[in-house]
Amino acid sequence: MRICEHDVLVIGAGGAGLRAAIEASAAGARVGLVTKSLLGKAHTVMAEGGIAAALSNVDSRDDWRVHFADTMRGGQYMNNPTMAELHAREAPERVHELEAWGAVFDRTPDQRILQRNFGGHKYPRLAHVGDRTGLEMIRTLQDHGIHQGLDVHMEFTITRLITDGNRVVGAFGYDRERGGFRLFRAGAVVLATGGIGRAFRITSNSWEYTGDGHALAYQAGAELIDMEYVQFHPTGMVWPPSVRGILVTEGVRGEGGVLRNSEGRRFMFDDIPDLYKSQTADNEEEGWRYTQGDKEARRPPELLTRDHVARCIVREVREGRGSPHGGVFLDIAWIKERIKDSEAHIRRKLPSMYHQFRELAELDITTEPMEVGPTTHYVMGGVRVDGETQMSSVDGLFAAGECAGGLHGANRLGGNSLSDLLVFGKRAGEAAAAWAGAHPRGISRAAEAEQAEAARRDALAPLERQDSGDGGVGAYAIQSELQDLMQAKAGIVRNRPDLEEALEGVLALQARATGVSALGNRSYNPGWHTALDLANLLLVSEALVRTALLREESRGAHFREDHPGKDEHWGRTTLVVAKGADGAMEIAEAPVTPPRAELAQIIEENR
């Protein structure tokens with residue numbers, strides 16, 4: 001077992017992980033960066049639309065206060081207000097910093113960073129690079145980070161955190177190529193592992209998204225929050241079947257794309273939520289107009305929040321007005337009525353989408369509508385962290401990005417994910433370096449070795465079961481059953497009977513998974529990797545279903561058809577998931593943190 005020593009260990013090399021590693025290294029810490037895949041393969045590259053930041057380059061009325069209010073409203077006021085404030089205040093600086101490090105953004109005529117409209121944002125706010133913004137972010141952070149002296153461990157999976165009482169002091173993992181084990185000693189650990197999308201059948205998430213950070217934190221004693229809030233992006237590809245779920249960026253709608261049903265009608269005008277009733281529709285071309293004091297803006301209904309758009313699409317399909325393959329039509333080609341040389345304009349603004357549909361669906365989006373439907377995209381829930389430092393309830397354990405909860409509340413606004421990575425990745429790295437410097441490791445070598453040996457035994461168990469004579473249980477089969485179960489019973493529209501069936505099914509799969517086996521040896525063995533990922537997927541699925549059962553209301557991304565309205569009690573209550581003393585999962589209610597008076601006033605002024 002090889003041993004590596006660092007001051008700060010960052011698990012995950014997406015936007016949050018890279019930004020945390022850069023900041024920790026800049027603070028003088030020795031930093032180790034562990035990535036489950038290859039450097040540059042991070043799921044952040046799939047965030048295409050842009051980075052939400054109130055730069056005010058396109059509309060001078062925008063500022064951090066409006067961004068803060070939009071984020072709180074989109075999250076149904078379940079957000080951690082401290083995180084929402086810091087995010088809105090600091091996002092512009094993080095974007096300018098990224099630009100200074102070499103990011104090449106699209107430009108306004110006077111050469112400022114161009115910004116586009118996006119769902120839930122009052123003004124054009126998303127700084128973008130065509131529809132490849134996440135890719136440009138990763139490229140820039142990597143190019144900057146490689147000069148910081150980071151120790152990068154590629155294709156490593158972390159299976160357990162090493163603890164000393166209520167403090168994290170390292171991690172245990174293995175090399176995915178050869179299967180060699182490694183013990184990482186660290187003064188602080190930052191989790192930046194992304195989401196849980198692979199628990200569902202239809203998802204935009206890549207194979208790495210198996211809830212690793214959520215599970216590692218939970219098993220180490222940290223708390224999780226908001227696990228019932230899973231965002232289903234309204235527009236994923238639905239045809240052909242081999243690419244179902246692949247993301248179709250909200251940038252298509254931000255650039256003028258409209259949603260139509262099989263009758264050719266823009267159905268989003270049929271249902272404007274009460275929250276937006278003051279924004280009355282005036283015509284289908286302009287969207288709806290709303291005023292606030294002396295301010296006026298126009299927004300198309302396709303840019304309502306993602307949860308609402310996704311449910312409207314499901315309604316059209318259920319009522320027989322869907323597209324031939326079970327979705328609806330997203331049409332950007334119609335802008336030829338307004339824009340000269342629209343085909344070149346679309347290819348310039350949406351190059352990835354153009355090539356994606358040409359290559360995968362043999363469809364030209366400049367002349368034909370796309371078939372789209374909801375796809376599992378993002379989990380608002382994650383590790384419960386301090387709003388300023390990102391440290392969890394376990395000392396020395398930090399989390400940032402999608403695996404941290406709090407910022408987005410009940411529903412994330414598009415584009416807030418990338419600014420989240422930058423703002424809180426920086427804060428987590430800075431705080432982790434300070435913590436590690438102020439708190440030397442004190443765990444004994446014997447205690448450390450005992451935990452590492454237990455982790456090694458658990459990792460080898462699936463391989464050893466192949467020789468037990470009972471045939472073992474296949475990991476792929478269990479994962480496939482879990483994905484079907486979660487998609488059918490805990491998806492966009494939920495109810496008690498389905499959720500109870502989902503919980504019963506998840507618990508049954510957990511029992512079967514204790515006997516999971518993997519053929520072959522440790523070298524180049526995807527079956528073994530799947531067997532080890534399975535426990536994490538089952539854990540986060542249980543947390544999701546239990547909290548969804550308990551929350552008997554509909555709010556944000558959580559929709560209960562048996563409780564379609566909001567409930568005042570649940571609007572003041574956060575559900576906290578923790579590991580009980582007996583090892584069983586416990587769910588507790590906790591009050592939502594109210595915004596301080598100054599922030600409450602900002603919210604009221606921007607309703």
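**Close-up 1. Lining of the largest pocket in the predicted model.** In this predicted model, the residues that line the largest pocket divide into 19 nonpolar, 9 polar and 6 charged, where Ala, Val, Leu, Ile, Met, Phe, Trp, Tyr, Cys and Pro count as nonpolar, Asp, Glu, Lys and Arg as charged, and the others, Gly among them, as polar. The lining is made by 34 residues, of which Gln219, Asp458, Leu532, Ala535 and Asn536 lie nearest the centre of the pocket. Two or more residues each come from β7 (156-163), α5 (212-219), α11 (445-465), α13 (496-513) and α14 (526-550), and α14 gives the most, with 9 residues. The space in this pocket is about 990 Å³, a volume being the space filled by probe spheres set on grid points that are joined across faces, edges and corners. On a 1 Å grid over the protein atoms alone, a pocket is an open set of points with protein on both sides within 12 Å along at least five of seven lines, a cavity is a set where a 1.4 Å probe fits but cannot get out, and lining residues have an atom within 4 Å of a point. Residues are numbered from 1 along each chain as its sequence is written, and side-chain values use heavy atoms, with hydrogens and water left out. Local features need pLDDT of at least 70 and side-chain atom pairs count only at pLDDT 80 or more, whereas totals for chains, interfaces and linings use all residues.

**Close-up 2. The second largest cavity.** Val230, Gln231, Phe232, Asp307, Ala310, Arg311, Ile492 and Ala557 form its lining, to which β11 (230-237) and α7 (306-318) each give two or more residues. By class, this lining comprises 5 nonpolar, 1 polar and 2 charged residues.

**Close-up 3. Packing of helices α3 and α10.** Helix α3 (residues 81-100) packs against helix α10 (residues 416-438) at an angle of about 90°, with the axes 8 Å apart; axes are lines fitted to C-alpha atoms, for helices over the stretch in contact, and angles run from 0 to 180 degrees between N-to-C directions. The two helices are therefore roughly perpendicular to each other, a term for angles of 65 to 115 degrees.

Key: Helices (H or I, at least four residues) and strands (E, at least two) are DSSP runs, numbered from the N terminus. Angles under 35 degrees count as roughly parallel, over 145 as roughly antiparallel, 65 to 115 as roughly perpendicular and the rest as oblique.
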